[in-house]
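The sequence and structure come first.

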Amino acid sequence: DPKLDPFTTLLDLKLGTFDPERGPVQVRTQEDLRGFFQADPPRPDELVYRVMPVPVPTENSEIQCSTTVLEPGTVGDEYYMTKGHFHAVRDRSEIYIGLAGEGCLVLATEDGRHRVEPIREGMVNYVPGGWAHRSVNVGDEPLVFFAAYVGDAGHDYATIERDGFPVLVCRGDDGPVVTDNPHY
Ligand code: PAN
Ligand code: ZN
């Protein structure tokens, strides 16, 4: 017998909000990102991003989805970004769809390969299994994207907190600059 009943929610394609909301909004402040940015957070209480979830059972047979709203800003030279993670089950994949703003998706494998892909309205990013992923807001407006991923993927933040990503995305005089992470 099917485990779930069908349901429908309305996604605001500009704001990334769901109506009705399906689950508790996750809020991440500068303080929550201490240790992920190179610099200590200058304004610990300031909002960096929110995740609006559509919770379903965390099983391989389901598809989780959520939207992320990442504010514009910087800590030191680094643009506001998500913590970033590997999926706890390493081979689980994910799809991002850009809804608003201007962003970068930084991806890295455990053996240190990396890629930087654009996130923009209408762009579909494929995140294959085995690639850690972090989104970065390189614009002046909120970066909004929708994500859908395998239900039992889980999130491994500890590896990123310890090692970081191979590259940093920083504010330069003429826009974003991708530099090697000296602490990777
Ligand atoms: C996304 C992310 C979301 C927030 O839904 O979870 O953008 O980023 P962090 O989880 O790295 O804080 C996703 O990739 N889910 O798997
Ligand atoms: Zn993910």
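How do the residues of the shell around ligand 1 divide into nonpolar, polar and charged? There are seven nonpolar, eight polar and two charged residues; here Ala, Val, Leu, Ile, Met, Phe, Trp, Tyr, Cys and Pro count as nonpolar, Asp, Glu, Lys and Arg as charged, and the others, Gly among them, as polar.

## Basis

This is a predicted model, in which local features need pLDDT of at least 70 and side-chain atom pairs pLDDT 80 or more, while totals for chains, interfaces and linings use all residues. Residues are numbered from 1 along each chain as its sequence is written, chains are lettered from A and ligands numbered from 1 in the order in which they are written, and side-chain values use heavy atoms, with hydrogens and water left out.

## Ligand shell

Around ligand 1 there are 17 residues, and Y49, T68, E94, Y96 and Y157 come nearest (a residue is near if one of its heavy atoms lies within 4 Å).

## Largest pocket

The space taken by ligand 1 is the largest pocket. A pocket is an open set of points on a 1 Å grid over the protein atoms alone, with protein on both sides within 12 Å along at least five of seven lines; lining residues have an atom within 4 Å of a point. A molecule sits in it if more than half of its atoms lie within 2 Å of its grid points.

The volume is about 380 Å³, taken as the space filled by probe spheres set on the points. Of the 24 lining residues, Q26, V51, S66, H155 and Y157 lie nearest the centre. The strands (DSSP runs of E, at least two residues) that give two or more residues to this lining are β3 (26–29), β4, β5, β8, β12 and β13. By class, the pocket lining has 11 nonpolar, 10 polar and three charged residues.

## Cavity

One cavity of 30 Å³ or more is present, a cavity being a set of points where a 1.4 Å probe fits but cannot get out. The largest cavity holds about 30 Å³ of space. Its lining consists of E78, M81, V106, R134, V136, V167, L168 and V169, with β14 giving the largest share, three residues. By class, this lining has six nonpolar, no polar and two charged residues.

Note on methods
Helices (H or I, at least four residues) and strands (E, at least two) are DSSP runs, numbered from the N terminus.
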